[in-house]
Amino acid sequence: MAPVEQDALAVREQLFHERVRECIICALLFASLYILCHFIITHFKKHTDFTAVHDDEDAAVNRIALGLCTFTLAVALGAVLLLPFSIISNEVLLSFPQNYYIQWLNGSLIHGLWNLVFLFSNMSLVFLMPFAYFFTESEGFAGSKKVGDPSFVPHPCPLLCDSLLTQLLQGIMARVYETSVVLLLLTLLVLGMVWVASAIVGNDAASRQSLYDLWEYYLPYLYSCISLFGVLLLLLCTPFGLSTMFTVTGKLLVKPRLLEDLDEQLSCTRFEEAAVSHRIRSAGKASCWLNLDMEMLREQFFAIRSKRRKLELRHRASPWQRNLGYPLAMLGLLALTGISVLIVCFHVLELLLDDAAMPRGIQDASLGQVSFSIFGSFGAALQVVLIFYLMLSSVVGFYSSPLFTRLLPERQDTPLTKIIGNCVSLLVLSSALPVFSRTLGITRFDLLGDFGRFNWLGNFYIVFLYNMGFAGLTTLCLVKRVSWAVQAELIRAFGLHKLPLPVTRCRTRSKPS
């Protein structure tokens, strides 16, 4: 074999091994995320929906839908970790360019992860989650037999007991056929609406001709609309979540004694528990009590007892945790929020002066060449912290808003339809996080793969107004929430909340006799 052919064969062999290595790394990362998301969903799911007590077919269908939800949640978690992982990888390659043990961390792997997250996000939003919802709601076409129907009689012979399993598979396949037909009709409806909307927006013959190319134009345009919706949802939820984070943190941590009197709260809760317990004991002797009142009293007693135990745990907190933890947490939240607003304001000035500040997409990930922050590794670490903080704030704001507060999952009591709604909502928020962070200028890492092909990213007015809207809404929510919180804490600290409210007496005019 000629030396040239040997070199070409060695190059092909090296490319093959690199490709296999990337596939193994991606599979291991996704398997880890899938296992983690499985434990998370198992913590919240309602176990009665997955037991085969009433209907084996419904339990099997719910398990299949739960697997699709776990897959979607794993994709959402991967979308959250995508941009921070890319930034950290760039800094690691920049610090250790010749290290043998990190040669697997290269631009090809990062680019492949971006493409996989984009593909799985499209697949989950457009196909898997609608299929899971319609699959759980379907009953099969007319004439299909289900397990438990009177028309179904299993074979009496024990050797042929697999007829029950055959009937179960037939019932599941009947639901699959119905769900596929409904999903096909819904896909045609959505694609038709997107075709009409894009034709109206384009308003020229070239755009109408390009609509016939499904893969190159149709699906990216559809996902561009979905990403725009996700970015707008982040614009509304994140400022509200940034202001709500102070309240949530205040409930989780123990406040100093100047701001909170736990002794008084604990004594009041114990008196309430004793009073309700006395009413429950005396209710059995009285004949006028109803069963409904007893149930209400028991629920009230359990709620008060749970509140009392939480107060006791908070009361046993150490002085360091009480006097140092709460102020440091509040200062940390205030610092992260202030840095985020300052970065966005600085990015607004950059948009007015330099066209390079506009978000753009690239197809080749050249990692390890230059840092994406002017402060080096410290700035990159700060970018990662801000990205996670903004994502957490957006989730808190999403579940705290009046429109979506009913989607909040409950431990061991969340039905499957609510789990599907939560997975879709989290995927929409997380898949828009890279575009959100780059649009606001939180990071300089350019969007890889199809994330940079969105049509609205090149519009200066949309990007500029988006940055202005985020800065304005965040400042407004913070000023409103902090001013109210400071006023309430000052009133509580000085004991003014114990003063009786003024009573205004209205004089009644006497009617002439």
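I take buried to mean under 20% relative accessible area, exposed to mean over 50%, and partly exposed to mean in between, with a 1.4 Å probe and protein chains only. Helices are DSSP runs of H or I of at least four residues, numbered from the N terminus.

**Basis.** I worked on a predicted model, in which local features need pLDDT of at least 70, side-chain atom pairs count only at pLDDT 80 or more, and totals for chains, interfaces and linings use all residues. Residues are numbered from 1 along each chain as its sequence is written, and side-chain values use heavy atoms, with hydrogens and water left out.

**Helix α11.** I looked up residues 416-431, which form α11, a helix of 16 residues. From first C-alpha to last, α11 reaches 22 Å, close to the expected 22 Å; the expected span is 1.5 Å times one less than the number of residues. I found α11 mostly covered, with twelve of its 16 residues buried. Among the buried residues are Leu416, Ile419, Asn422, Cys423 and Leu429.

**Phe378.** I located Phe378 in helix α10, residues 377-400. Is Phe378 buried or exposed? I recorded Phe378 as exposed, because its relative accessible area is 62%.

**Cysteines.** A disulfide is a covalent bond between the sulfur atoms of two cysteines; I counted one where a pair of cysteine sulfur atoms is within 2.5 Å. I found zero disulfides in the structure. Cys23 is in no disulfide, and the nearest cysteine sulfur, that of Cys26, is 6.7 Å away. I noted Cys23 as partly exposed, because its relative accessibility is 43%. Cys268 also counts as partly exposed, at 38%.

Methods
Helices (H or I, at least four residues) and strands (E, at least two) are DSSP runs, numbered from the N terminus.
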